[in-house]
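Thanks for coming, everyone. I would like to walk through the side-chain contacts in this structure, with the cut-offs stated as we go.

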Amino acid sequence: MRYTLGMIRTGIGFDSHRLAEGRRLVLGGVEIPHGRGLLGHSDADALAHALCDALLGAAAAGDIGQHFPDTDPQWKGADSMTLLVRVTALLREAGWRIVNTDATVMAEAPKLAPHVPAMRARLAEAMGLDVSRVSVKAKTNEGMDAVGRGEGISVMAIATIGKNATAEENT
């Protein structure tokens, strides 16, 4: 006999990138005016990358490097919102739905609070969610470590996903 039980999983993601001259600063799909941007193979959107890893981790589906390796030229300069859309599709194909996400961006500069509503909106759109299910917070490191010295930006993210599971999947 088959029956369904709700299944909930949570995943954690982390990403960090150095700040570099001559790069755009993109976080959560939003270009933020700043003298330096994040260095990486794609657009280096550390917020989108951390969310991708949190979602993939919750589904036990690997990590962003497995799905979008920096050794693959097709991802050179890629818009990280495209990566987030693809991760969302991968989860949906496996029967998962995103319940909610939460992320904390650590950066000394620029001030990110004015950009948080736009980041939440872009991320929600990419994941097909209501913006009320996407949280983004900005913090400084109070001058401590490389992030505190303004050398880079780090992001921690968590995602909760759910699906109906058969009894066999729960054994």
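Arg24 and Glu31 meet through their side chains in a salt bridge, with 2.9 Å from N to O, the term meaning a side-chain nitrogen of Lys or Arg within 4 Å of a carboxyl oxygen of Asp or Glu. This is a predicted model, in which local features need pLDDT of at least 70 and side-chain atom pairs count only at pLDDT 80 or more, while totals for chains, interfaces and linings use all residues. Residues are numbered from 1 along each chain as its sequence is written, and side-chain values use heavy atoms, with hydrogens and water left out.

Arg24 is partly exposed at 47% relative accessibility, and Glu31 is partly exposed at 48%, where buried means under 20% relative accessible area, exposed over 50%, and partly exposed in between, for a 1.4 Å probe and protein chains only.

The search of the whole structure finds three salt bridges. Another joins Asp102 to Lys137, whose closest N and O atoms are 2.5 Å apart. Because Asp102 lies in strand β5 (residues 97-106) and Lys137 in strand β6 (residues 134-139), this pair ties together parts that are 35 residues apart in sequence; strands here are DSSP runs (E, at least two residues), numbered from the N terminus.

Glu151 pairs with Arg149 at 2.8 Å between the closest N and O atoms; Glu151 is partly exposed at 32%, whereas Arg149, at 54%, counts as exposed.

Methods:
Helix = DSSP H or I, 4+ residues; strand = E, 2+ residues; numbered from the N terminus.
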